[in-house]
Amino acid sequence: MFEEIHAMIMTAVAKLDDDEALNCIPIHDTWQPGATYEAGTRLQYDGTLYTVLQDHTSQSDWTPEDAPSLFAEVLTSEDGTPLEWVQPDSTNPYMTGDKVTHNGKTWTSDIDNNVWEPGVYGWTETEE
């Protein structure tokens with residue numbers, strides 16, 4: 001019975017957009033070694049939400065923090081609400097129009113695949 005209820009909950013969780021998912025990280029499955037993951041699945045690890053980038057079976061040394069080719073931290077809100085800037089990897093850069101807060105200011109990315117810190121390159125300070 002528990003497995004059936006869990007499956008129904010996870011089906012509903014998969015339909016959340018990133019913004020909704022970021023507001024309820026604890027209800028996502030926690031990363032486990034030896035688990036099979038499909039691309040697009042979101043999961044939590046150490047209190048952070050990640051998206052699986054490619055189908056794989058996890059290994060103990062392939063944690064979301066240690067395997068950026070397999071996981072991307074969810075950094076942006078789909079509704080445009082600015083989140084605190086986090087240094088992205090090549091697998092989850094900011095795209096044109098993404099908004100973040102950094103050093104007490106709100107910034108909008110001017111370019112796709114932006115991995116620069118706001119105020120350095122590729123960002124415009126935004127009035128909020």
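1. In this note a residue is called buried when its relative accessible area is under 20%, exposed when over 50%, and partly exposed in between, with a 1.4 Å probe and protein chains only. By that rule proline 33 is partly exposed, with a relative accessible area of 46%. The model is a predicted one, in which local features need pLDDT of at least 70 and side-chain atom pairs count only at pLDDT 80 or more, while totals for chains, interfaces and linings use all residues. Residues are numbered from 1 along each chain as its sequence is written, and side-chain values use heavy atoms, with hydrogens and water left out.

2. Proline 33 is found in the loop between helix H2 (18-22) and strand S1, where helices (H or I, at least four residues) and strands (E, at least two) are DSSP runs numbered from the N terminus. Leaving aside neighbours within four places in sequence, proline 33 is in contact (heavy atoms within 4.5 Å) with Ser58, Gln59 and Ser60. Proline 33 and tryptophan 116 are 83 residues apart in sequence, and their C-alpha atoms are 32 Å apart in space.

3. Aspartate 61, in the loop between strand S4 (56-57) and strand S5 (71-73), counts as partly exposed at 48% relative accessibility. From aspartate 61 to glutamate 38 there are 23 residues in sequence and 18 Å in space, C-alpha to C-alpha.

4. Arginine 42 belongs to strand S2 (residues 42-45) and is buried, with a relative accessible area of 14%. Apart from neighbours within four places in sequence, the residues in contact with arginine 42 include Val13, Ala14, Asp17, Asp18, His28, Tyr50 and Val74.

5. Arg42 is also one of the residues that line the largest pocket, and others among them are Met10, Val13, His28, Tyr37 and Glu38. This pocket has a volume of about 240 Å³. On a 1 Å grid over the protein atoms alone, a pocket is an open set of points where a 1.4 Å probe fits, with protein on both sides within 12 Å along at least five of seven lines, and lining residues have an atom within 4 Å of a point. H1, strand S1 (36-37) and S2 each supply at least two lining residues, and the largest share, 3 residues, comes from H1.

6. Methionine 8 lies in helix H1 (residues 2-14) and is exposed, with a relative accessible area of 57%.

How values were computed
Grid points are joined across faces, edges and corners, and a volume is the space filled by probe spheres set on the points.
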